[in-house]
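Reader: I would like a close look at a single part of this model, with the terms spelled out as they come up.

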Amino acid sequence: RGFDPTKGLEESKLTRTVDPCFNRLTIFDPRLPHGVREVRGTRDPREARLVLHGWFTDLGTPFFEGGLKEEQATDTLNDALEPLYEQLGQCERCVGVLIVRLSVDALSGKVTKLVSLADTLLPDPQEMTDGTLGSSIRAEILSVIHQNLSKLQFGPASEDSSITIPFVFE
């Protein structure tokens, strides 16, 4: 009675479809299973659909804007990241990506602001065997990163700068 063997019975409960409208940017959590249905139509690339898939930069590489140049900041960052990674290694395991941006004052070289730009961190459920709450695991990781990066001292620069640092937890 009404059974259609070409359609999955659970599809509407497991998936969400996004209509292919012209000039639409679709952004979603890439940890979720996803796919794209075939679109038929023109083969003229000037009138066709464009799909960009993935991250837009090499994850793991800091990105610099402003007066502070990468060459000036590398030693300071390396000196801070080594103990930071050691401390993170002592934390409960999380998976995901955390991208933070440091705002650096030109004259003092001090970090004036640290914000999270993207955060897909989730506690690894296999590691949560002792009743530890996922929120406390995330909070510990965020705290370690904030404590280590907010106290950085760079040299003076010609203008205020920002440094965007991606952290990949696998």
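Is strand 2 mostly covered or mostly open, and how many of its residues are buried?

Author: Strand 2 is mostly covered, with eight of its 11 residues buried. Buried means under 20% relative accessible area, exposed means over 50%, and partly exposed lies in between, with a 1.4 Å probe and protein chains only. Strands are DSSP runs of E with at least two residues, helices are runs of H or I with at least four residues, and both are numbered from the N terminus. The model is predicted: local features need pLDDT of at least 70, side-chain atom pairs count only at pLDDT 80 or more, and totals for chains, interfaces and linings use all residues. Residues are numbered from 1 along each chain as its sequence is written, and side-chain values use heavy atoms, with hydrogens and water left out.

Next, the partners. Two strands pair if DSSP finds at least two bridges between them. Strand 2 covers residues 94-104 and pairs with strand 5 in the antiparallel sense over nine bridges. Within this pairing, Leu98 stands opposite Phe167, and Val104 has Ser161 as its bridge partner. Strands 2 and 3 form a hairpin with six residues between them, and Gly109 in the turn has a positive phi of about 75 degrees. Strand 4 (residues 122-123) is joined to strand 2 by two bridges, also antiparallel, and Leu122 of strand 4 is the bridge partner of Val95.

Contact in general means heavy atoms within 4.5 Å. Leaving aside neighbours within four places in sequence, Ser161 is in contact with residues including Glu65, Gly66, Leu102 and Val104.

Thr164 is also in strand 5 and is buried, since its relative accessible area is 10%. Its side chain has a polar contact of 3.1 Å with the side chain of Arg101. Not counting residues up to four places away in sequence, Thr164 touches, among others, Pro62, Phe63, Val100 and Leu117.

A pocket is an open set of points on a 1 Å grid over the protein atoms alone, where a 1.4 Å probe fits and protein lies on both sides within 12 Å along at least five of seven lines; lining residues have an atom within 4 Å of a point. The second largest pocket is lined by 14 residues, with Leu88, Gly89, Val168, Phe169 and Glu170 nearest its centre. Helix 2 (70-90) and strand 5 (161-169) are the elements that give two or more residues to this lining, and the largest share, four residues, comes from strand 5.

Technical notes:
Polar contact = N/O pair within 3.5 Å; in protein donor to acceptor, adjacent residues only side chain to side chain.
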